Amino acid sequence: MDAIECLGRRMTVGDVASVAGIQLSEAQKALQALATDTNGFLEVSDEGDVLYVFPENYWSNLAAKSFRIKVEPLLEKAKMATKYLVRVSVGTSLIASIVVVITAIIVIALGGDDIPFPYIGDIHFPYIGEDNRGKRVTSYDSGLSWYWDPNYHRRGRICEDGAGMDFFESIFSFVFGDGDPNQGIEEERWKLIGQYILSNGGVVIAEELAPFLDVKTPNNMDDESYILPVLLQFDGQPEVDVEGNILYRFPSLQRTAARQWRARKEYTGKRWPDRDGEVEKYLKEIMWKFSKTSVSQAALAIGLGAVNLLGVIVLGTMLKSMSVSPSSFISSVSKMFPLLQIFAGSFFSIPLIRWFLVRKRNSEIEKRNRAREQYARALEHPDLSLRLKLLSARDMAQRTFIGQDRIVYSTNKDLHEQNYDAQQ
């Protein structure tokens with residue numbers, strides 16, 4: 001549906017496949033389903049090309065028939081709330097562990113008698129973040145209001161950039177990280193490839209697509225096996241020009257109803273422009289970060305984790321050396337002590353393992369980015385043989401724009417209104 005909006009609600013199957021980065025068969029099924037559910041209609045050109053046309057209110061038409069679209073906003077809010085609760089659970093567990101451990105140590109030190117357990121609502125928890133002027137501040141809030149942040153949904157994007165992260169989120173970030181920074185990169189890859197092929201008349205050479213793929217042999221320009229997934233994705237076929245060069249034609253992407261996609265007959269060394277209008281020369285993966293927490297937040301997490309770990313060690317020694325019968329509270333703590341040990345150990349072992357994994361992943365990402373950049377630079381300053389291949393591909397490029405003047409039949413009108421016989 002994003003591709004439909006981008007293409008002006010009038011497009012061929014090839015248009016949608018290239019802009020959305022999906023296979024032609026998927027695009028055709030999706031268009032047929034959308035046209036059925038949104039009162040869309042078909043147009044046929046004088047050469048038999050089928051175009052899908054959607055009304056301006058097609059989104060509301062679909063929403064009226066789709067239960068999923070109706071409940072999607074509620075599901076998204078529930079998903080965000082669950083995600084937030086999971087993120088704050090680690091910090092909550094850390095604070096609870098520290099309170100339980102310290103209380104147990106005090107109880108044992110006082111001779112094993114029960115003492116009133118501290119009311120968690122009276123404990124003050126720190127918040128390290130930014131005030132409304134952008135300055136970093138540390139503040140304290142009492143009661144249970146610290147646990148739920150009503151502004152979490154509105155600052156979700158800020159949290160993804162590492163700013164405005166509260167205490168409990170910073171604990172989760174330190175232990176488990178912030179997720180894959182390249183989530184959705186495969187979808188973006190196919191979009192870039194499809195749009196590039198479309199903008200160059202449906203005929204390209206393998207070296208032009210290498211900056212968007214994961215090429216394992218950047219120094220071997222003769223091995224073009226990496227182009228096979230692209231041929232399968234967009235129904236392409238290899239062709240040989242008069243000079244014996246292998247070119248790749250994508251017939252379904254050579255006929256379009258979108259006026260904004262135009263072929264370039266002359267090679268300029270440029271790449272497909274991204275959404276901000278800048279030229280993307282190659283697909284660049286983002287390096288993983290160990291954590292998006294600030295230095296002060298990381299220091300606080302390490303400090304609290306160390307206090308908890310030290311407390312667990314001391315408590316374990318005291319439990320072993322107890323000579324008197326334990327109270328009910330100490331007995332309960334003794335039963336849960338293995339869980340306290342596992343939590344205290346995992347708080348540091350998980351980040352340590354992640355640190356090695358992040359280094360390994362970043363090393364692999366750097367190699368792939370470097371290989372793609374090498375291909376992109378080779379296209380910016382091509383040698384003679386590469387330039388000839390590029391010119392040959394541009395000469396074979398063929399773009400056919402299907403305008404309203406070429407439409408001979410539409411399912412949106414009755415047959416007697418279209419003067420079909422005269423046009424035929």
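Reader: Where is the place of Thr293?
Author: In this predicted model, Thr293 belongs to a loop. Strand S9 (255-256) and helix H11 (295-320) are the elements on either side, so the place of Thr293 is the loop between S9 and H11.

Reader: Does Thr293 count as buried or exposed?
Author: The relative accessibility of Thr293 is 14%. Buried means under 20%. Thr293 therefore counts as buried.

Reader: Which side chain is joined to that of Thr293 by a polar contact of 3.0 Å?
Author: Neighbours within four places in sequence are left aside when the contacts of Thr293 are given as Met165, Ser170, Ser173, Phe174 and Ala298. The polar contact of 3.0 Å links the side chain of Thr293 with that of Ser291.

Reader: How are H7 and H12 oriented to each other?
Author: Helix H7 (residues 167-176) packs against helix H12 (residues 328-380) with axes 7 Å apart and an angle of about 55 degrees. Angles under 35 degrees count as roughly parallel, and 65 to 115 as roughly perpendicular. The two helices are therefore oblique.

Reader: How many residues of the contact of H7 with H12 are nonpolar?
Author: H7 contributes Ile171, Ser173, Phe174, Val175 and Phe176, while H12 contributes Phe347, Ile350, Pro351 and Arg354. One residue of this contact is polar and one is charged, and the nonpolar residues number seven.

Reader: How far apart do the end C-alpha atoms of residues 339-358 lie?
Author: The unreviewed UniProt entry lists residues 339-358 under "transmembrane region", along with 84-110 and 298-319. In the model, residues 339-358 are 100% helix and 0% strand. Their end C-alpha atoms are separated by 27 Å.

Methods. Residues are numbered from 1 along each chain as its sequence is written. This is a predicted model: local features need pLDDT of at least 70, side-chain atom pairs count only at pLDDT 80 or more; totals for chains, interfaces and linings use all residues. Side-chain values use heavy atoms; hydrogens and water are left out. Axes are lines fitted to C-alpha atoms, for helices over the stretch in contact, and angles run from 0 to 180 degrees between N-to-C directions. Helices (H or I, at least four residues) and strands (E, at least two) are DSSP runs, numbered from the N terminus. Angles under 35 degrees count as roughly parallel, over 145 as roughly antiparallel, 65 to 115 as roughly perpendicular and the rest as oblique. Contact means heavy atoms within 4.5 Å. Ala, Val, Leu, Ile, Met, Phe, Trp, Tyr, Cys and Pro count as nonpolar, Asp, Glu, Lys and Arg as charged, and the others, Gly among them, as polar. Buried means under 20% relative accessible area, exposed over 50%, partly exposed in between (1.4 Å probe, protein chains only). A polar contact is a pair of N or O atoms within 3.5 Å; within protein, one must be able to donate a hydrogen and the other to accept it, and residues adjacent in sequence count only if both atoms are side-chain atoms. UniProt positions are given in the numbering used here, feature names are shortened, and annotations may be inferred rather than shown by experiment.
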